Amino acid sequence: RLLFQTIITTYPDSPYLPMSKLAVGDSFYLEGSTSALIQAAGAYQDWLTFFPTHPLSDRVVLKIAESEMRQMGLPDRDATRAKRAETKLKALLQQYPDSVIKDDARQRLREVQDNLGMHNLLVANYYYTLSVDQKKGGLKGSQSRYREIIDKYPNFSQMDEVLYKLAVTYLIEEETDQAAKYFQRVVRDYPNSD
């Protein structure tokens with residue numbers, strides 16, 4: 001990093017400046033600790049500020065998203081990092097639609113959205129358990145979380161569970177038309193589901 005910083009500060013007009021700044025970010029990224037990943041994301045963001053039209057811009061945006069992804073944690077933890085990664089990946093796909101790394105970005109986006117969907121599912125299941133098993137309030141809370149998963153994360157890996165439990169909440173509320181709609185989706189779209 002010291003050698004790259006020397007290039008950056010001593011030779012501001014050097015053709016190696018973009019790669020030197022990028023290498024500083026990469027060195028933090030490869031270090032991999034939480035503080036290093038935060039510094040890597042900052043270095044990459046700084047790089048984008050200076051070189052927004054560089055041919056490697058799309059890869060740098062992906063690196064920022066991956067830096068956030070590596071800090072995500074389990075779905076039952078704070079979802080802030082996952083939301084940041086999702087935002088960066090969506091921006092990447094929107095700003096660079098013809099990028100050669102768009103398939104990688106889509107795959108990462110699916111992973112992040114699955115994490116976010118699981119986060120919402122855990123919260124929804126908590127409210128669901130309160131309302132169904134313990135006969136306490138919570139139906140509206142679980143319904144809103146289940147609907148959010150359906151709306152925001154259509155490729156969620158456990159969508160059959162989401163649809164089923166949402167249908168059960170409507171059944172409890174005696175809204176049979178709504179319940180039937182979601183039960184039909186489970187039967188139609190997930191015939192091998194438990």
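## Terms and model

Contact means that heavy atoms lie within 4.5 Å. This is a predicted model, in which local features need pLDDT of at least 70, side-chain atom pairs count only at pLDDT 80 or more, and totals for chains, interfaces and linings use all residues. Residues are numbered from 1 along each chain as its sequence is written, and side-chain values use heavy atoms, with hydrogens and water left out.

## Helix α4

Helices (DSSP runs of H or I, at least four residues) are numbered from the N terminus. Helix α4 covers residues 57-69, and its end C-alpha atoms are 18 Å apart.

Of the 13 residues of α4, 11 are buried (under 20% relative accessible area, with a 1.4 Å probe and protein chains only). Among them are V60, V61, L62 and I64. The buried residues of α4 pack against α2 (17-31), α3 (34-50), α5 (80-95) and α6 (102-132).

## N120 in helix α6

N120 belongs to helix α6 and counts as buried because its relative accessibility is 5%. Leaving out residues up to four places away in sequence, N120 touches R145, E148, I149 and Y153.

## Aromatic pairs

The structure holds 6 aromatic pairs (ring centres of Phe, Tyr or the six-membered ring of Trp within 6.5 Å; planes under 30 degrees apart are stacked, over 60 edge-to-face, the rest tilted). W47 and F51 form a tilted pair, 5.4 Å centre to centre with 50° between the planes. Ring pairs link W47, F50 and F51 into a cluster.

Notes. Helices (H or I, at least four residues) and strands (E, at least two) are DSSP runs, numbered from the N terminus. The expected span of a helix is 1.5 Å times one less than its number of residues. Buried means under 20% relative accessible area, exposed over 50%, partly exposed in between (1.4 Å probe, protein chains only).
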